[in-house]
Amino acid sequence: IYYESLVKKVVIEEGISEIGSDAFSHYRSMKTIVLPNSLKQIRNRAFDYCDQLKTVSIPDSVTWIAEQAFVDCSGLGSVSLSNSLTIISEGTFYGCENLREIAIPDGVEEIDSSAFGDCRNLQEVRLPEGLVSIRNRAFINCNSLTHLSIPNSVKVIDGAFQNCEKLADISLGNGLTTLDGGAFRNCISLKQITIPDSCTVIGNNVFEGCEKLATVDLGAGVTLIGEEGFAGCALQELMIPDSVTSIGSSAFWRCSSLTSVTIPDSVTSIGSYAFSSCTGLKEIHFMGNAPQMGEYCFSDVTYNAYYPMGNSTWTEEVRQNYGGTITWEGYRVCDDHGYSAVVTAPTCTDQGYTTRICQNCGDSYVDCYINALGHKFENEICTVCGSPERMPGDIDGDETVDVDDVLALLWYVLF
């Protein structure tokens, strides 16, 4: 029998400043650990695989907890972190599957890779203002996490929340600049997301596999949509902001609900398979010069593509099928509208209006509405339109003979 299998409680004496690597590793019967206020550092794997450990309170004297210090402490349900920490190290609480909530102290600026990965019962995460980055896989497979509020101080989220299957409510802070590395990949309960204007990069695989994600508000600062950035999402319409210059390969692959896309004139490149298998796509509007389009960027798609006529970059060579079946249609672009007016006069029953039509491009709009004139009756005949004051059979006086008049007649006859 190994000694560590018998230990149920450990009390570290005051004066101890460091717990070394593997110090209590695999103490599988230990339920309680008492840490002194003199403690400064907890080294790698110091408490890994302490299956029965239920609670840990780390004193504020601790400034450093090394990688995997509490990895796979599967019974750990409550953790109080030191307010002196500035980083949550890689894998610190990975696999602590009984952990229900965690409050990150105000001084923490970074949550490193896999810090809380596989904490499958984690329901509540409180992130402080002052946090700057959340690294790859930091909260991967946290399947019980339902909501998330990212503070304005966070600049980078890199692959942090992959496979959080119940995560449905995400609020991104206004200081965010980069989403990358599959940040929210396979968050299958997510239905909508707003990207703040501060964000410039939506990197590779960020929302890949978010199969219910139907509404995305892309911020005005986004310049790059990376490879498979939204692959497999439920997007229906897509308005790409005019800050975007590049759409990566397979960026919207298998977005089968997508029906309409507008590509602004800022976009200079569309990667291979970018809109491949978007089987519901009906139309795509190009607003400027022809971008460089990769091989098969519209494969398995049948739709209409609209491009600006008179733009020399839209050559016949450019207007190819790219693996799909595309009907190319040009539209006129007018920098100098010249409108003529067509006046529709009001009648006794219908309002009047003016239709203005551009003689250069055909653009039109309607304004200057005038109310209907109303009838002017003399001897039961309208002097304007000649209609009788009451049509034969018009019992209810609405100037039409319809089923209501029949019902009115039956009422008079029967009652």
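**View 1. Aromatic pairs in a predicted model.** The structure holds 23 aromatic pairs, where rings of Phe, Tyr and Trp (its six-membered ring) pair if their centres lie within 6.5 Å. This is a predicted model, so local features need pLDDT of at least 70 and side-chain atom pairs pLDDT 80 or more, while totals for chains, interfaces and linings use all residues. Residues are numbered from 1 along each chain as its sequence is written, and side-chain values use heavy atoms, leaving out hydrogens and water.

**View 2. Phe207 meets Phe230.** With ring centres 5.2 Å apart and planes at 15°, this pair is stacked (planes under 30 degrees apart; over 60 is edge-to-face and the rest tilted). Phe207 sits in the loop between strands S18 (201-202) and S19 (215-217), and Phe230 in the loop between S20 (224-225) and S21 (237-239), so the pair ties together parts 23 residues apart in sequence. Strands here are DSSP runs of E, at least two residues, and helices runs of H or I, at least four, numbered from the N terminus. Phe207 is buried, at 0% relative accessible area, and Phe230 is buried too, at 1%; buried means under 20%, exposed over 50%, and partly exposed in between, with a 1.4 Å probe and protein chains only.

**View 3. Tyr353 beside Tyr369.** Here the ring centres are 6.4 Å apart and the planes at 45°, so the pair is tilted. Tyr353 belongs to strand S30 (residues 352-358) and Tyr369 to strand S31 (residues 364-370), so the pair links parts 16 residues apart in sequence. Tyr353 is partly exposed, at 29% relative accessible area.
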